[in-house]
Amino acid sequence: MIIANWKANGSLLSNQKWCKFFIENCPKEIISNIGIAPSALHIGQIKKLLESSDVKIGIQDIDAEGGPRTGSICGEMAADTGCDFTLIGHSERRILFKEKNVLLKQKIESAYQANLQPILCIGETLEENEQGNTMDILKSQIEEAISNITIKEGFTVAYEPVWAIGTGNTPKPNDINVIHEFIKDVVQSQSLDDVVPSVLYGGSIHESNSEDFFTEKNIDGGLIGGASLDAKEFLKIVNIYSRLITQ
Ligand code: PEP
(Lines give C-alpha, C1' and ligand atoms only; values in the text may rest on other atoms or scores of the structure.)
Protein backbone atom coordinates (compact mmCIF):
# COMPACT_ATOMS: atom_id res chain seq x y z
CA MET A 1 0.00 0.00 0.00
CA ILE A 2 1.08 3.57 -0.67
CA ILE A 3 -0.29 6.22 1.68
CA ALA A 4 -0.22 10.00 1.22
CA ASN A 5 0.07 11.83 4.54
CA TRP A 6 -0.87 15.43 3.89
CA LYS A 7 -0.34 16.58 7.50
CA ALA A 8 -1.66 20.16 8.04
CA ASN A 9 -1.70 21.00 4.34
CA GLY A 10 -4.41 21.40 1.72
CA SER A 11 -7.27 23.74 0.87
CA LEU A 12 -10.63 23.22 -0.85
CA LEU A 13 -9.16 24.48 -4.13
CA SER A 14 -5.80 22.68 -4.04
CA ASN A 15 -7.49 19.42 -2.95
CA GLN A 16 -9.86 19.66 -5.90
CA LYS A 17 -6.99 20.03 -8.36
CA TRP A 18 -5.02 17.21 -6.69
CA CYS A 19 -7.96 14.80 -6.83
CA LYS A 20 -8.80 15.63 -10.45
CA PHE A 21 -5.24 14.87 -11.54
CA PHE A 22 -5.07 11.76 -9.36
CA ILE A 23 -8.32 10.23 -10.59
CA GLU A 24 -7.53 10.93 -14.24
CA ASN A 25 -4.05 9.40 -14.03
CA CYS A 26 -3.95 6.70 -11.35
CA PRO A 27 -3.81 3.18 -12.86
CA LYS A 28 -7.19 1.57 -12.09
CA GLU A 29 -5.67 -1.77 -11.06
CA ILE A 30 -3.68 -0.18 -8.25
CA ILE A 31 -6.15 2.33 -6.84
CA SER A 32 -7.45 0.12 -4.00
CA ASN A 33 -3.84 -0.08 -2.73
CA ILE A 34 -3.60 3.69 -2.39
CA GLY A 35 -4.55 5.59 0.76
CA ILE A 36 -4.93 9.30 1.30
CA ALA A 37 -4.83 10.90 4.75
CA PRO A 38 -5.89 14.54 4.31
CA SER A 39 -6.55 16.92 7.19
CA ALA A 40 -9.58 15.83 9.18
CA LEU A 41 -11.49 18.90 7.98
CA HIS A 42 -11.04 17.83 4.36
CA ILE A 43 -11.98 14.16 4.64
CA GLY A 44 -15.61 14.75 3.58
CA GLN A 45 -14.49 16.77 0.56
CA ILE A 46 -11.93 14.16 -0.54
CA LYS A 47 -14.44 11.34 -0.06
CA LYS A 48 -16.84 13.13 -2.37
CA LEU A 49 -14.23 14.00 -4.98
CA LEU A 50 -13.01 10.39 -5.13
CA GLU A 51 -16.30 8.61 -4.48
CA SER A 52 -16.28 6.72 -7.75
CA SER A 53 -12.93 5.11 -6.91
CA ASP A 54 -11.71 2.42 -4.51
CA VAL A 55 -9.04 4.65 -3.00
CA LYS A 56 -8.80 4.29 0.79
CA ILE A 57 -9.33 7.38 2.91
CA GLY A 58 -7.70 7.78 6.29
CA ILE A 59 -7.42 10.14 9.20
CA GLN A 60 -4.01 11.17 10.51
CA ASP A 61 -4.90 10.56 14.17
CA ILE A 62 -7.85 9.73 16.41
CA ASP A 63 -8.39 10.39 20.07
CA ALA A 64 -8.59 7.35 22.32
CA GLU A 65 -12.16 8.27 23.38
CA GLY A 66 -15.10 10.43 22.37
CA GLY A 67 -17.31 12.71 24.51
CA PRO A 68 -16.23 15.74 26.53
CA ARG A 69 -12.78 16.20 24.95
CA THR A 70 -12.84 19.57 23.22
CA GLY A 71 -11.04 19.60 19.91
CA SER A 72 -10.91 15.81 19.59
CA ILE A 73 -12.06 13.44 16.89
CA CYS A 74 -12.79 9.85 17.92
CA GLY A 75 -12.68 6.68 15.85
CA GLU A 76 -16.47 6.37 15.43
CA MET A 77 -16.63 9.89 13.99
CA ALA A 78 -13.83 9.14 11.53
CA ALA A 79 -15.52 5.89 10.46
CA ASP A 80 -18.87 7.66 10.13
CA THR A 81 -17.26 10.22 7.80
CA GLY A 82 -16.07 7.36 5.61
CA CYS A 83 -12.53 6.68 6.77
CA ASP A 84 -11.04 3.25 6.20
CA PHE A 85 -7.88 3.66 8.25
CA THR A 86 -6.17 5.82 10.83
CA LEU A 87 -2.52 6.59 11.37
CA ILE A 88 -1.54 6.12 15.01
CA GLY A 89 1.64 7.34 16.69
CA HIS A 90 3.19 9.35 13.87
CA SER A 91 6.48 10.73 15.22
CA GLU A 92 5.08 14.27 14.99
CA ARG A 93 2.32 13.18 17.40
CA ARG A 94 4.86 11.50 19.65
CA ILE A 95 7.21 14.50 19.69
CA LEU A 96 4.95 17.57 19.42
CA PHE A 97 1.97 16.19 21.34
CA LYS A 98 3.93 13.97 23.75
CA GLU A 99 1.96 10.82 22.89
CA LYS A 100 3.24 7.73 24.68
CA ASN A 101 2.94 4.07 23.73
CA VAL A 102 0.34 3.43 26.42
CA LEU A 103 -1.97 6.04 24.83
CA LEU A 104 -1.29 4.63 21.37
CA LYS A 105 -2.43 1.24 22.57
CA GLN A 106 -5.78 2.76 23.61
CA LYS A 107 -6.01 4.40 20.19
CA ILE A 108 -5.43 1.08 18.44
CA GLU A 109 -8.22 -0.49 20.51
CA SER A 110 -10.51 2.45 19.69
CA ALA A 111 -9.72 2.15 16.00
CA TYR A 112 -10.65 -1.53 16.01
CA GLN A 113 -13.87 -0.80 17.91
CA ALA A 114 -14.77 1.72 15.21
CA ASN A 115 -13.82 -0.68 12.39
CA LEU A 116 -10.91 1.47 11.27
CA GLN A 117 -7.67 -0.14 10.13
CA PRO A 118 -4.92 1.10 12.51
CA ILE A 119 -1.57 1.94 10.96
CA LEU A 120 0.97 2.09 13.76
CA CYS A 121 3.89 4.42 13.06
CA ILE A 122 7.17 3.67 14.79
CA GLY A 123 10.73 4.90 14.44
CA GLU A 124 13.87 5.82 16.28
CA THR A 125 15.46 9.27 16.68
CA LEU A 126 18.88 10.10 15.26
CA GLU A 127 20.43 9.85 18.72
CA GLU A 128 18.90 6.41 19.32
CA ASN A 129 20.11 5.33 15.91
CA GLU A 130 23.65 6.57 16.49
CA GLN A 131 23.77 4.81 19.85
CA GLY A 132 22.86 1.54 18.11
CA ASN A 133 19.48 1.29 19.90
CA THR A 134 17.20 1.13 16.86
CA MET A 135 15.99 -2.45 17.28
CA ASP A 136 15.41 -2.06 21.05
CA ILE A 137 13.39 1.12 20.54
CA LEU A 138 11.26 -0.38 17.79
CA LYS A 139 10.65 -3.53 19.84
CA SER A 140 9.45 -1.57 22.85
CA GLN A 141 7.30 0.75 20.70
CA ILE A 142 5.59 -2.28 19.23
CA GLU A 143 5.27 -4.34 22.40
CA GLU A 144 3.90 -1.47 24.48
CA ALA A 145 1.39 -0.56 21.77
CA ILE A 146 -0.04 -3.99 20.95
CA SER A 147 0.52 -6.29 23.94
CA ASN A 148 -2.69 -8.18 24.79
CA ILE A 149 -4.61 -6.64 21.90
CA THR A 150 -6.07 -8.97 19.30
CA ILE A 151 -4.56 -7.44 16.20
CA LYS A 152 -6.29 -8.41 12.98
CA GLU A 153 -5.12 -9.70 9.62
CA GLY A 154 -3.97 -6.67 7.61
CA PHE A 155 -2.44 -4.96 10.64
CA THR A 156 0.05 -2.45 9.27
CA VAL A 157 3.15 -0.84 10.73
CA ALA A 158 4.86 2.17 9.16
CA TYR A 159 8.56 2.27 9.96
CA GLU A 160 9.62 5.90 9.84
CA PRO A 161 13.03 6.80 11.28
CA VAL A 162 12.49 10.25 12.78
CA TRP A 163 15.76 11.47 11.26
CA ALA A 164 14.58 10.52 7.76
CA ILE A 165 11.27 12.40 7.83
CA GLY A 166 11.40 15.49 5.64
CA THR A 167 15.23 15.60 5.73
CA GLY A 168 16.29 13.86 2.53
CA ASN A 169 18.45 11.47 4.61
CA THR A 170 17.36 7.90 4.26
CA PRO A 171 18.65 4.57 5.51
CA LYS A 172 19.96 2.16 2.89
CA PRO A 173 17.11 0.11 1.38
CA ASN A 174 18.85 -3.10 2.39
CA ASP A 175 19.08 -1.93 6.02
CA ILE A 176 15.39 -1.05 6.00
CA ASN A 177 14.65 -4.52 4.67
CA VAL A 178 16.42 -6.09 7.66
CA ILE A 179 14.55 -3.80 10.07
CA HIS A 180 11.21 -4.63 8.44
CA GLU A 181 11.89 -8.34 8.82
CA PHE A 182 12.59 -7.71 12.50
CA ILE A 183 9.34 -5.69 12.87
CA LYS A 184 7.35 -8.53 11.29
CA ASP A 185 8.89 -11.00 13.73
CA VAL A 186 8.19 -8.81 16.77
CA VAL A 187 4.55 -8.22 15.77
CA GLN A 188 4.00 -11.87 14.92
CA SER A 189 5.39 -13.00 18.26
CA GLN A 190 3.09 -10.54 20.09
CA SER A 191 0.06 -11.52 18.04
CA LEU A 192 -2.36 -14.00 19.62
CA ASP A 193 -3.41 -15.14 16.12
CA ASP A 194 0.04 -15.25 14.54
CA VAL A 195 -0.65 -12.20 12.39
CA VAL A 196 2.24 -11.05 10.20
CA PRO A 197 1.86 -7.31 9.51
CA SER A 198 2.44 -5.35 6.35
CA VAL A 199 5.31 -2.95 6.92
CA LEU A 200 5.49 0.34 5.04
CA TYR A 201 8.58 2.50 4.94
CA GLY A 202 8.30 6.28 5.40
CA GLY A 203 10.93 9.01 5.37
CA SER A 204 11.96 11.14 2.37
CA ILE A 205 10.57 8.82 -0.31
CA HIS A 206 10.71 10.51 -3.70
CA GLU A 207 10.37 9.42 -7.29
CA SER A 208 14.15 9.06 -7.54
CA ASN A 209 14.61 6.61 -4.64
CA SER A 210 11.26 4.81 -4.46
CA GLU A 211 12.21 1.95 -6.81
CA ASP A 212 15.19 1.07 -4.58
CA PHE A 213 12.88 0.82 -1.57
CA PHE A 214 9.97 -0.99 -3.20
CA THR A 215 12.12 -3.75 -4.70
CA GLU A 216 13.14 -4.91 -1.20
CA LYS A 217 11.32 -8.07 -0.10
CA ASN A 218 10.05 -6.82 3.25
CA ILE A 219 9.10 -3.29 2.21
CA ASP A 220 5.40 -3.61 1.50
CA GLY A 221 4.79 -0.03 0.46
CA GLY A 222 5.34 3.52 1.58
CA LEU A 223 4.01 6.33 3.75
CA ILE A 224 4.73 9.53 1.90
CA GLY A 225 4.65 13.04 3.33
CA GLY A 226 6.23 15.89 1.36
CA ALA A 227 6.21 14.16 -2.02
CA SER A 228 2.50 13.37 -1.73
CA LEU A 229 1.46 17.02 -1.72
CA ASP A 230 2.18 17.34 -5.43
CA ALA A 231 -0.21 15.02 -7.28
CA LYS A 232 2.20 14.64 -10.21
CA GLU A 233 5.10 13.58 -8.03
CA PHE A 234 2.88 11.27 -5.96
CA LEU A 235 1.58 9.62 -9.13
CA LYS A 236 5.13 8.99 -10.34
CA ILE A 237 5.81 7.08 -7.12
CA VAL A 238 2.49 5.23 -7.42
CA ASN A 239 3.36 4.24 -11.00
CA ILE A 240 6.72 2.84 -9.91
CA TYR A 241 5.05 0.86 -7.11
CA SER A 242 2.34 -0.36 -9.50
CA ARG A 243 4.88 -1.57 -12.06
CA LEU A 244 6.86 -3.45 -9.43
CA ILE A 245 3.94 -5.23 -7.75
CA THR A 246 2.27 -6.23 -11.01
CA GLN A 247 5.51 -7.55 -12.57
C1 PEP B 1 5.85 11.37 7.08
O2 PEP B 1 5.83 12.39 7.76
O3 PEP B 1 5.10 10.42 7.33
C4 PEP B 1 6.82 11.31 5.99
C5 PEP B 1 7.20 10.14 5.54
O6 PEP B 1 7.28 12.52 5.54
P7 PEP B 1 8.33 12.75 4.31
O8 PEP B 1 7.91 11.83 3.18
O9 PEP B 1 8.14 14.19 3.96
O10 PEP B 1 9.67 12.41 4.81
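Predicted model: local features only at pLDDT ≥ 70, side-chain atom pairs only at ≥ 80, totals over all residues.
Colleague: Which strand is joined to S7 by four bridges?
Modeller: The two strands run parallel. Thr156 has Ser198 in S7 as its bridge partner. Tyr159 stands opposite Tyr201 in S7. The strand is residues 156–159, S6.

Colleague: Are the side chains of S6 buried or exposed?
Modeller: In a regular strand, side chains alternate between the two faces of the sheet. In S6, Thr156 and Ala158 point one way. Val157 and Tyr159 point the other way. On both sides, these residues are buried.

Colleague: In S6, what is the bridge partner of isoleucine 122?
Modeller: S5 and S6 run parallel, joined by four bridges. For Ile122, the partner in S6 is Tyr159.

Colleague: How many degrees does the twist average from one strand to the next?
Modeller: Eight strands close into a barrel, in the order S1-S2-S3-S4-S5-S6-S7-S8, with parallel pairing (at least two DSSP bridges between two strands). From one strand to the next, the twist averages 25 degrees.

Colleague: What is the bridge partner of isoleucine 3 in S8?
Modeller: S1 (residues 2–5) pairs with S8 (residues 222–224) in the parallel sense, over three bridges. In S8, Ile3 is partnered by Leu223.

Colleague: What angle does the direction of H5 make with that of S4?
Modeller: H5 packs on the sheet. It touches S4 (85–88) and S5 (117–122) (contact is heavy atoms within 4.5 Å). Axes are lines fitted to C-alpha atoms, for helices over the stretch in contact, and angles between N-to-C directions run from 0 to 180 degrees. Here the angle is about 180 degrees.

Colleague: Why does phenylalanine 97 count as partly exposed?
Modeller: Phe97 sits in the loop between helix H4 (91–96) and helix H5 (101–113) (helices are DSSP runs of H or I, at least four residues). Partly exposed lies between buried and exposed, and exposed means over 50%. Phe97 falls there because its relative accessibility is 49%.

Technical notes
Residues numbered from 1 in each chain as written. Heavy atoms only, no water. Buried < 20%, exposed > 50% of the residue type's maximum accessible area, 1.4 Å probe, protein only.
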